[in-house]
Amino acid sequence: MKRLKKIGIVLVAILGILLVATLIFIYSLKPDYAGEKEMAKLTDTVAVHFDTYGIPHIYAQNEADAFRALGYVHAQDRLWQMELLRRVARGGLSEVFGEKLIGTDKFFLSLGIDEASKKTVDHIDTNSEMVQLSQAYLDGINQFIETGPTPIEFYLTGIDKEPFTLLDMYNSVGYMAFSFAMAHKTDPLLTNIKDKLGPAYLTDLDIDGNPNTTLIKNYNPKNESIPNSVTALVTQALQGLSLPLFEGSNSWVIAPQKTKNGHVLFANDPHIGFAQPSVWYEAHLSTPTYEKYGYHLAGVPFPLLGHNRELAYGLTMFENDDVDFYYEETNPADTTQYKTAQGWATYQIIRKTIKVKKAKDVQFMYKMTSNGPVLNGIADQITGERPISMSWIYAKFDNKVMDALYGIAHAHDLKGFKRVLPDIHAPGLNVMYGDAKGNVAWFATAKLYKMPDSVSTKFILDGTTDKDKPLRYLDFLENPQAVNPPWNYVYSANNQPDSIAGMFYPGYYLPENRAKRITELLKPKNDWDKEAVMKMITDATSSVNPTIVQNFLKLISIKTLDPDKIKILDQFREWKGDYPLGSIEATVYNRWVYFFLKNTFEDELGPAMFKQFLATHFHKRLIAPMSGKPKSVWWDDISTKDTIETQTTIVNVSFEQAMTSLRKDLGKDMTKWTWEKVHTLEHPHPIGQIKALRSFFNVGPFSVDGTREVINNMSFPYDSTGYYKVNSGPSTRRVIDFSDIENSMSILPTGQSGNPFSPHYEDQAELYNKGEFRKMLLNKEEIIETSKSVLTFHPATNK
């Protein structure tokens, strides 16, 4: 007995020691938000004050020191995110996650981002201020890698930390340029629809946009004169990424004439795929010559969103078409050649090696033409013999995006800000601007081009001649833009801009829903203040969905409906299109619309193409017009040979299927069919895909209000489950008031830190889900007084 007792004591002691060791290990992995550190290459002391939410306020005597400190604190909170982001373009994800991401690596290698980045870095001016500050930032990252604790994800995946370079920085920006991949999902699909069903089936799809919807108006008075398998490849490649994809956004800037206090009000909420950590890292830098409160992409020193006391800027996705696909023709007498307008040219062969975790390296080869990479052979899905190449603007021009980001971060006024915007050739961005002098502006930034009138870039084009090639590239002054328009506001909601250069510019624009709501709210009101804008940016009411429902109701036959069905139809007659957590109408509406789309399109497209169709923007644009279109070739179900279905048939059958499925999934008691039961948000971490680690790394799930294509755009894909797992939405909500700049407001979806042991890993999630905000501090005295901790960097002493 005594012996057993001693053994028990020993075991308890061992367990205690292990527990203490584990706690010490965990504590060692936390970011350092306080203390004293030495930093190499620093010229003077830098003080970093962390506020209540872990946001660093960096005070330095010069910019290089400030950016060097930024690199360090950014890395201690987000090194894992930086690591993954730099690996995407160079095909390095399989080395971390194994064979399942080989297809993703092949796809991103074929885009040519890494090759374009190498070309840029090889010719970069290392003496430029942009490069010097970028290198200072990278020095800070690398000092953390050398001296700081290793994030837990590196232990779990078994990869080593390696220094960051300028090439990594450009590759991270290149991933942003790829953004939402909508051309890759759309053009081959539309080509397949045309080839399989004929041009009559394209008529009702509004593929070239609809000029009768809400358009973003131009106003620039100074310049008035001026294949199916490809779609599957992109979808599969992106499914493996728990990384944020840039998808959409809202922004509006209200001129002093429409505000209560006579100063500009600025709002921006970029819509990006939800992930943990979230995409933005907030930081406030202050030196005698530079101050900016900014939102930083992992591994990129200059903020993509920012403000100071002089001006504010933000981004939304332009959604312009900057990718074209071409059919190539291989020489039957010499398969190393392809046909061009000038004769036969030789394919360029690109060879790559992909390192794979716990497996042999994969040797990867693809062909290049003058148009771009040939997608055949990149993945097993590309089985057609006819080569298809991809022409992407990002890879065709000198990359000056980093120069542009440096320039807008250092601009002092509208003139200086606008001067650098032409350097953004891709991705297409709506750049929003407002300043303390009362200026408001919107600029669509991208390298735009004019195609022959007979050419539609929504289909795969002929690469063997020049007849499907751009006629010219537009000057930036011809791009869509509005500067201080007489209606006293500018906005963007990823909708179609008004015509330029004699055309509606082709793109993958989202429906007018958000734009219509934004303009409905902005137009009549002339006493806007910060509180009203904060309420507006969380608005969850659709101006379009009630019209869709009313169109449906006109076609419903109520003769055979039971009381519950009649009751919900009566509720729909009063529905305002809002999406609170307790809404029953929201739940029924989305189930009804899904079956409406399925019954309209799946019989012609087939299950695989219908699934791809639901991944495009244009299916969202079709819901409203199709609901009000009595005649369409799509209404008839081609699988029923003895019956010709009509719009009325489709609407009634879809309603019955929606009600039947809801009773099966949520029970017969209709009062329990609330939106909170089916509309949820979970922020996925890449390692959270492992079931045992999901609750530790992922944040959520939460029931959330909002829906697709309202201002509070909590978006989700439609599928057969009838449950709406939100996968993208506001990546931040910012409201900047130039009448009270020090009390401007913001929020992040989860938290500032990507380190799961940090207290700031998810400390903003509850506020975000409730539509609440926190201050973006600018006042130094307030920052110092309220600061939770101070981390001080000193120049390294020679030892």
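Start by selecting leucine 681: it stands opposite valine 726 in S26. This is a predicted model, where local features need pLDDT of at least 70, side-chain atom pairs count only at pLDDT 80 or more, and totals for chains, interfaces and linings use all residues. Residues are numbered from 1 along each chain as its sequence is written, and side-chain values use heavy atoms, with hydrogens and water left out.

Now widen the selection to 679–683, which is strand S24; S24 pairs with S26 in the parallel sense over three bridges. The open sheet runs S25-S24-S26, with mixed pairing.

Next, jump to 334–340, strand S12, joined to antiparallel S13 by four bridges. Click threonine 340 and you'll find its bridge partner in S13, glycine 343. Bring in S11 and you have an open sheet of three strands, ordered S11-S12-S13, with antiparallel pairing.

Last stop: select helix H18 (585–613) and helix H20 (647–666), whose axes come within 8 Å and cross at roughly 130°. Axes are lines fitted to C-alpha atoms, for helices over the stretch in contact, with angles from 0 to 180 degrees between N-to-C directions. H18 and H20 are therefore oblique to each other (under 35 degrees counts as roughly parallel, over 145 as roughly antiparallel, 65 to 115 as roughly perpendicular, the rest as oblique).

How values were computed:
Two strands pair if DSSP finds at least two bridges between them. Helices (H or I, at least four residues) and strands (E, at least two) are DSSP runs, numbered from the N terminus.
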